[in-house]
Each structure stands twice: as C-alpha cells, then as structure tokens.
Amino acid sequence: MAHYKASESKREQFRRYLEKSGVLDTITSVLVALYEETDKPNNALDFIKLHLGATGPEPADAEALRMELADLQQKFNLLMEENKELKNRLMQYEPSPENGAAE
C-alpha cells in the first residue's frame, strides 16, 4: 500500500508540473481544435504535430536545403576569394589611405 501512495504522489507532482508549465493547456487547446474541426483530418497525429509546431521540413525538403546550402557555401567561398584577389589588384594601382596620407 505504501508503494501505491508513493507512486500516486509522483503522478500528482508530474501532473502539477505539466499544468504549471502550460503543457496541459496547450494539449487541451490542440485537442479541442481537432474536435471542432468540421472536416476531420485523415491523420490526427499529423494534425496535432502541426498545431503544436512540431513539424519540421520533410526529409526530401531537408535534403534539398542541404544541397542548396552546400552550393551557396561554395559560391560564397569563390566570391570571397575573388574579392580578396580584386582588393590585392586594386592595391597595386591605388595606395591605401594610410600610405597616401603619410607622404
């Protein structure tokens, strides 16, 4: 019987924790939204995930974004190298303001 009391106490503490942190209110509001939905979604779990904000990009979208990121990083590196090269070429024709003022 004492084990049952300890277990019940832990459950009550956990319930208060969930209530205090707003988890119960959030889950309740999502479930109410699902209940009030006139056209019930085929996948209730996806509906809940969407309304909780737990959905991330689809795996195909994530892969496309990774490829785009790699491509843009490569372009960035090329442009930075070109910028550095152009600055060096410019320094051959124009003295820097610090050097020009000293003369």
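Visitor: How far apart do the end C-alpha atoms of residues 62–89 lie?
Guide: They lie 40 Å apart. This is a predicted model, so the value is computed from predicted positions.

Visitor: And how much of that span is helix, and how much strand?
Guide: Residues 62–89 are 100% helix and 0% strand.

Visitor: What does UniProt list for residues 62–89?
Guide: An unreviewed UniProt entry lists them as "coiled-coil region".

Visitor: OK, the whole chain now. How many helices and strands does the protein chain have?
Guide: Five helices and zero strands. Read from the N terminus on, the order of elements is α-α-α-α-α.

Visitor: What share of the residues is buried?
Guide: Of the 103 residues in the protein chain, 7% are buried.

Visitor: Let's look at H2 and H3. At what angle do they pack?
Guide: Helix H2 covers residues 23–36 and helix H3 covers residues 44–52. They pack at about 130 degrees, and their axes are 10 Å apart.

Visitor: Which residues make the contact?
Guide: On the H2 side they are Thr26, Val30, Leu31, Ala33 and Leu34. On the H3 side they are Ala44, Phe47, Ile48, His51 and Leu52.

Visitor: How does that contact split by class?
Guide: Eight of the residues are nonpolar, two are polar and none is charged.

Visitor: I'd like to follow up on His51. Where is it?
Guide: His51 sits in helix H3.

Visitor: How far is His51 from Val30, in sequence and in space?
Guide: The two are 21 residues apart in sequence, and their C-alpha atoms are 6.4 Å apart in space. Val30 is among the H2 residues in the contact, and His51 is among those of H3.

Terms used. Residues numbered from 1 in each chain as written. Predicted model: local features only at pLDDT ≥ 70, side-chain atom pairs only at ≥ 80, totals over all residues. Heavy atoms only, no water. Axes fitted to C-alpha atoms, helices over the stretch in contact; angles between N-to-C directions. Helix = DSSP H or I, 4+ residues; strand = E, 2+ residues; numbered from the N terminus. Contact = heavy atoms within 4.5 Å. Nonpolar A, V, L, I, M, F, W, Y, C, P; charged D, E, K, R; others polar. UniProt positions renumbered as here; feature names shortened; annotations may be inferred. Buried < 20%, exposed > 50% of the residue type's maximum accessible area, 1.4 Å probe, protein only.
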